[in-house]
Amino acid sequence: MKGNSMIQLLTRGLLLVVLALTACGPAAAPTSAPPAQPPPAQPTQPPQVVVVTATPAPGRSTLVVALARAPLSIDPADHRSRESETVIRDMYDGLVTRDTTSGVHMELAESTQWLDPKTLEIKLRKGVKFHDGSEMKADDVVFTYNRVIKENAIEYPQAHTSPRKGLISPLVSIDKKDDYTVVMNFSGAWPAAMQMLVHQQIVSKAYVEKNGTKGLIEKPMGTGPFKFVSTKTGFEEVVLERFDDYYGGAPDLQPVGKACVTRAVFRVIPETSTRIAALLAGEVDIISEVPPELVNTLKQVPTVQVKTVAGTRPLWMEMNVKQAPFDDVKVRQALNYAVDKNLIIKKVYNGLAQPLGGPLMPINNFADPNLKPYPYDKDKALALLKEAGWTPGADGVLAKGGQKFTFVIDTLDATRSLAEAIASLYRDIGIDATVRIWEYSVVQPKLLAGERQAYVGDWGDSAFDPIGHMEAKWSTYVKGSTYGRGNFSGYSNKRVDELILAGETENDVAKRHAIYNEAQKLIYDEAPAVFLVLPEAIEAASSRVQNWGPASDSRENLHDVCLK
Amino acid sequence: MKAVKILERVLTTIPIMFGVAIIVFFFMRLTPGDPVDIMMGRGGAVTEREIELLREQFNLDKPLQVQLWYFLRDAVQGNLGYSYVRNKPVLDLLTERLPATIELTLGALLVSLIVALPIGILSAVRQNSFLDRSSMAGAFLGISMPGFWLGIILILLFAVRLHWLPAQGRLSYEIQLQEITGLYVLDSILTHNMPALQDSLKHLVLPSITLGAGVAAIIARVLRSSMLEVLRSDYVKLARAKGATEWVVVMKHALRNALIPTVTVVGLQVGVLLGGNMIVETVFGWPGLGRVVVDSIFNRDFPLVQGAVMVYAFTFVLTNLVVDVLYTYLNPKITL
């Protein structure tokens, strides 16, 4: 979305300026005397003015959430987008759910038990009702999972396989034991099973068989806290209503019971400035994807609350390890030392990010806490570069054998400012780095073919488990396979590959930690990437909204939210 | 006779639509980027088999000529294929969003004509007056103001500051409306739904002004210059000499002839408005076609892009036809 993001950038800037310019309302307090000392200049801070007051429509009992993008589908088995999941999970519950801080909890499942490393028995909660009043039983669970794992199980608009199959690929079959017990059979030990079951929501067998997939999309029906009411123009608006017979949700997660608000609406407002304007105008109550540079301004508005949570999209600058100068590990390490992550967090992310200490994001359950982020150390970077043969030339640019150290950092428009900040830090130590902006679909094949030099980009890790992430990002690239699908540095280490494979089937948590710790340390030391930052997800809401908070995996848990 | 000619012209749009679609078919496949890779996103687990199945499902594993043959074969039968990313028939996706785009286009056109016609006429009649100079300066401003900028300013002023108009969307969620044509204003009138009519009109105002500003400026300038030319012509002098009032001279003798080039420009602008309002749709969260098409280009959602281009080609040809028909009314000497 290059053009689009450019516009967003300009309009955000505009929003800041206009908010500041129109700040001459009655809110401005007269100053009696000039301050004794002028405050220090803060060139990068947005104007510190209270401008507008959000005015909620009086007595509105409907909760309105503004999303940046429309869900692509609202069939729990037929999508691969976060926005879809965001909306789906307020209408449908899964066997288990996840809380940002406390991990996996039972939802429609009452308990789970591993009969052996490949077999999982799941006891279902009794008396759970679908929105049509029928009871959820083992048949529904079996049907739901078969719809995902069986090939061509979804018949509309043409027979096709669920795009969510890959999320639970080790699941071979699922059997009903009795009305309230199912057994899942996996192809091998699969330690990430519980984390991955979070992403599958249960549909009613009878309902889907009667109405088909088309009927399910047109009128979704699940066991979740909200019933579907209506939708407009390709899910640009989805209206939900409280399900009064809701079983209460995960018993471990407070509050338990039916939802607090009676009606909830998801609306799509793609433009950031408009989302914020709609919040300030009182048209919506919660907005997603607030850019970090607007956080300070929004915090000044008394009727708006801003909350953040660690996101799940870590960022790296991957270097093409098969090409000079990045084929030298010392150069790669030097480039890690040369980036001042704290400065970047402060200036680019307005303090709302954390540094990465290696290939996994710090909130991944298997991130090695002993790996500390490469510290910012210019001298060490220069020393390492000198060892690698790079010394400053007459013009201050590092050179080796008459060849200047110059390279291009490729990135997408969304991470332009990050890449530019890094490039300027490199120029600071005599490396001539420039930034080039691409569209992802164009640059991705070039990166996999090893045709580029360096790439600043992110990779989602919403399962909080190394599975799916380590294999895509850090194992050797095998064409057409899932291994190395996102490995843009060309990094390949036999031992790391072995460890990644071993980790996928090791059920013993301690051993699994040991496996991943070794892999992380190897990657950390060999540094195929400059480990950058994990930005926070930022959302804002009107102060009427209570018991609300953003989730790392973009879920909008409207069940808990109340309106004042 | 005229009806036959119009029908002929409508029928010629069919090969044009297909021609354009075939060109787009090849252009989209020439651009780098694999739709299946993009579909799987940057994150999460995928299996090899899954990727294989997706290629099979969308016939991406077949040679290009076979894919083209499938596309043409289905298109002739009215099936434009399925969107890769949205898993929905392309025709459904287009028809559910086209009304929003048409409504916005009509709104913008109305705004631009209301603004441009009086300005164009008056500034020609009173050439070099203060009114002429200031309105032409305004027209320059209208042309140079980018849509996203004007849109945000209007939102901040009328939605956030004054609370007069809504910032986004087509209809408030609490308003019920039975959809018939998908044009909400028209549907509200058809179903005698006053609250919906008021609400949908309120939602239409800001996007229409934003989109219409640039067009108004263009129309005003074209109308002014053609009016100036016509006003100097002999038949206008004759009309004056006959003692016709200034009103009759300007509105009947001059305007009618000055409208011919103006209508051409308006016709072209309608095509531009239908195809190019992605920015305004984004700013106002307007669920139209433009946004989906741009998304589908980035997602390499080939069938959706092809379908949308066919719609655009059709509307362009159709508006040109309407313009040609209008000529014959404005100047009976012109035939189709």
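Modeller: The account below takes up one residue, its chain and the contact with the neighbouring chain.

This is a predicted model, in which local features need pLDDT of at least 70, side-chain atom pairs count only at pLDDT 80 or more, and totals for chains, interfaces and linings use all residues. Residues are numbered from 1 along each chain as its sequence is written, while chains are lettered from A and ligands numbered from 1 in the order in which they are written.

A:Leu384 lies in helix H10 of chain A, residues 378–387; helices (H or I, at least four residues) and strands (E, at least two) are DSSP runs, numbered from the N terminus. A:Leu384 counts as buried because it has 22 C-beta neighbours inside 10 Å; the term requires 20 or more other C-beta atoms within 10 Å of the residue's own, placed from the backbone. Leaving aside residues up to four places away in sequence, A:Leu384 touches A:Lys330, A:Gln333, A:Ala334 and A:Tyr337, a contact being two C-beta atoms, placed from the backbone, within 7 Å. From A:Pro170, A:Leu384 is 214 residues apart in sequence and 44 Å apart in space, C-alpha to C-alpha.

Chain A as a whole has 15 helices and 24 strands, and 53% of its 564 residues count as buried. Among the contacts in chain A with a separation of 6 or more, 69% join residues 24 or more positions apart.

The contact between the chains takes 61 residues from chain A and 55 residues from chain B. On the side of chain A that touches chain B, H1(A) gives the most, with seven residues.

Conventions
Buried ≥ 20, exposed ≤ 12 C-beta atoms within 10 Å, placed from the backbone.
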